[in-house]
Amino acid sequence: MAEGRSRRTLGLITAAIISGLDQLLKWIMIGALDLQTVREIELTSFFNLRWVENYGVSMGFLTAGSELERWLLVGMTATIATIVLVWMWREKSRPDTIALGLVLGGALGNIVDRVRFGYVVDFLGPHIGGWYPFLVFNVADAAITIGVLLLVLRAFLARDRSDPAEKLNA
């Protein structure tokens, strides 16, 4: 019982840290750095802070062009976050719980943006010269991506490695 509570707490703390860090950095981008007005701040030859208002989800899919679509996206994302929370609550593996906490925290960070602004604030812009091979993203997006990749990787590494023929003969 205590082990399950410990795993859940770890997942919820992970989600809270990611969501909080995401919102803190967005607050800095909007407030102290005024990135919305400045539009872009060069940090290195390969990484800039760049203001992007993302009205859709990953890679511009499902762009919300109206208030109804905005709230449908909020509802869809909240539903997915709820499913992730339930999965995390039932998960027995500590590493998978952490990965689900990353996904949940990222989803919550982006939901807050969509509710507050009507779009998700993206600002992390890796680039090569003037070419941006990756979309501009935020901490929430990175956490979701890392969490999903960890879950997929663990699914491949943790699967049963016995020969399928052995199972048939058993």
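Predicted model: local features only at pLDDT ≥ 70, side-chain atom pairs only at ≥ 80, totals over all residues.
Let me start with Arg 154 and Asp 96, which form a salt bridge in which the closest N and O atoms are 2.7 Å apart, a salt bridge being a side-chain nitrogen of Lys or Arg within 4 Å of a carboxyl oxygen of Asp or Glu. Arg 154 lies in helix 5 (residues 139-157) and Asp 96 in helix 4, so this pair ties together parts that are 58 residues apart in sequence. Asp 96 counts as buried at 14% relative accessibility, whereas Arg 154, at 31%, counts as partly exposed; here buried means under 20% relative accessible area, exposed means over 50%, and partly exposed lies in between, with a 1.4 Å probe and protein chains only.

Residues are numbered from 1 along each chain as its sequence is written, and side-chain values use heavy atoms, with hydrogens and water left out.

Back to the charges, then: side chains of opposite charge can pair when their charged atoms come close. A search of the whole structure finds seven salt bridges, and another one of them joins the side chains of Arg 94 and Glu 3, at 3.2 Å from N to O. That pair again links distant parts of the chain, with Arg 94 in helix 4 and Glu 3 in helix 1 (residues 2-30), 91 residues apart. Arg 94 is partly exposed at 33% relative accessibility, and Glu 3 is partly exposed too, with a relative accessible area of 43%.

Which element holds both Arg 94 and Asp 96? Arg 94 is in helix 4, and Asp 96 is in helix 4 as well. Helix 4 has 24 residues and reaches 35 Å from its first C-alpha to its last, close to the 34 Å expected at 1.5 Å a residue, where the expected span is 1.5 Å times one less than the number of residues.

Strand 1 pairs with strand 2 (residues 47-54) over three bridges in the antiparallel sense, and Glu 42 stands opposite Asn 48 in strand 2. A salt bridge also forms between Glu 40 and Arg 50, whose closest N and O atoms are 3.8 Å apart; Glu 40 sits in strand 1 and Arg 50 in strand 2, ten residues apart.

To place all this in the whole chain, there are six helices and three strands, defined as DSSP runs of H or I with at least four residues for helices and of E with at least two for strands, numbered from the N terminus. Of the 170 residues, 36% count as buried.

Technical notes
Pairing = 2+ DSSP bridges.
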